[in-house]
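The sequence and structure come first, and the comments follow.

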Amino acid sequence: MQSMSPKSVITAAVVKANAYGLGVDPIAAHLLHTGVKEFFVSSATEAVELRKLLPAEAIIYYLNGYLVEDDQAVEEHSIIPVLNSLDQIENFRFRVIDHP
């Protein structure tokens with residue numbers, strides 16, 4: 001899949017909700033095999049589940065935004081929250097960047 005795009009383009013896949021009911025395990029594995037290295041899911045819980053399936057070099061974002069309760073998952077599983085509000089940006093910066 002990545003080979004169909006110019007080198008300057010990063011191909012990402014959204015595999016939230018169990019890859020839209022198709023099964024995240026086989027879909028994520030196939031996408032990784034085709035060159036996709038960045039993935040989006042809904043929640044930190046889905047991101048942790050996906051992290052268990054993919055190699056460490058895969059980048060996993062979760063769309064529901066950062067919650068303070070996500071600190072441990074963000075750190076331990078190298079997942080990245082999409083920051084959806086100024087409050088989320090401030091909390092993430094304070095808890096993860098400034099005071100890890």
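1. The largest nonpolar core has 22 residues, and those touching the most other members are Val-15, Phe-39, Leu-50, Tyr-62 and Ile-79. A nonpolar core here is a set of buried Ala, Val, Leu, Ile, Met, Phe, Trp, Tyr and Cys residues joined through side-chain atoms within 4.5 Å. Buried denotes under 20% relative accessible area, exposed over 50%, and partly exposed the range in between (1.4 Å probe, protein chains only). Two or more residues of this core come from each of helix H2 (24–33), strand E2 (38–41), helix H3 (44–51), strand E3 (59–62) and helix H4 (71–77). H3 gives the largest share, four residues. Helices (H or I, at least four residues) and strands (E, at least two) are DSSP runs, numbered from the N terminus.

2. This is a predicted model, in which local features need pLDDT of at least 70 and side-chain atom pairs count only at pLDDT 80 or more, while totals for chains, interfaces and linings use all residues. Residues are numbered from 1 along each chain as its sequence is written, and side-chain values use heavy atoms, with hydrogens and water left out.

3. Which residues does Leu-50 contact, leaving aside its neighbours within four places in sequence? They are Val-15, Val-24, Ala-28, Phe-39, Val-41 and Ile-60, where contact means heavy atoms within 4.5 Å.

4. The structure holds two aromatic pairs. Rings of Phe, Tyr and Trp (its six-membered ring) pair if their centres lie within 6.5 Å; planes under 30 degrees apart count as stacked, over 60 as edge-to-face and the rest as tilted. Phe-40 and Tyr-61 are stacked, because their ring centres are 4.7 Å apart and their planes lie at 15°. Since Phe-40 belongs to strand E2 and Tyr-61 to strand E3, this pair ties together parts 21 residues apart in sequence. Phe-40 is partly exposed, at a relative accessible area of 22%.

5. The pair of Tyr-66 and Phe-92 is edge-to-face, because the ring centres are 5.2 Å apart and the planes stand at 80°. Tyr-66 lies in the loop between E3 and H4 and Phe-92 in helix H5 (residues 86–98), so the pair ties together parts 26 residues apart in sequence. Both Tyr-66 and Phe-92 are buried.

6. Leu-63 is also found in the loop between E3 and H4, and its 31% relative accessibility makes it partly exposed.

7. Ser-3, in the segment before strand E1 (12–14), is exposed, at 69% relative accessibility. The C-alpha atoms of Ser-3 and Glu-46 are separated by 27 Å, the two residues being 43 apart along the chain.
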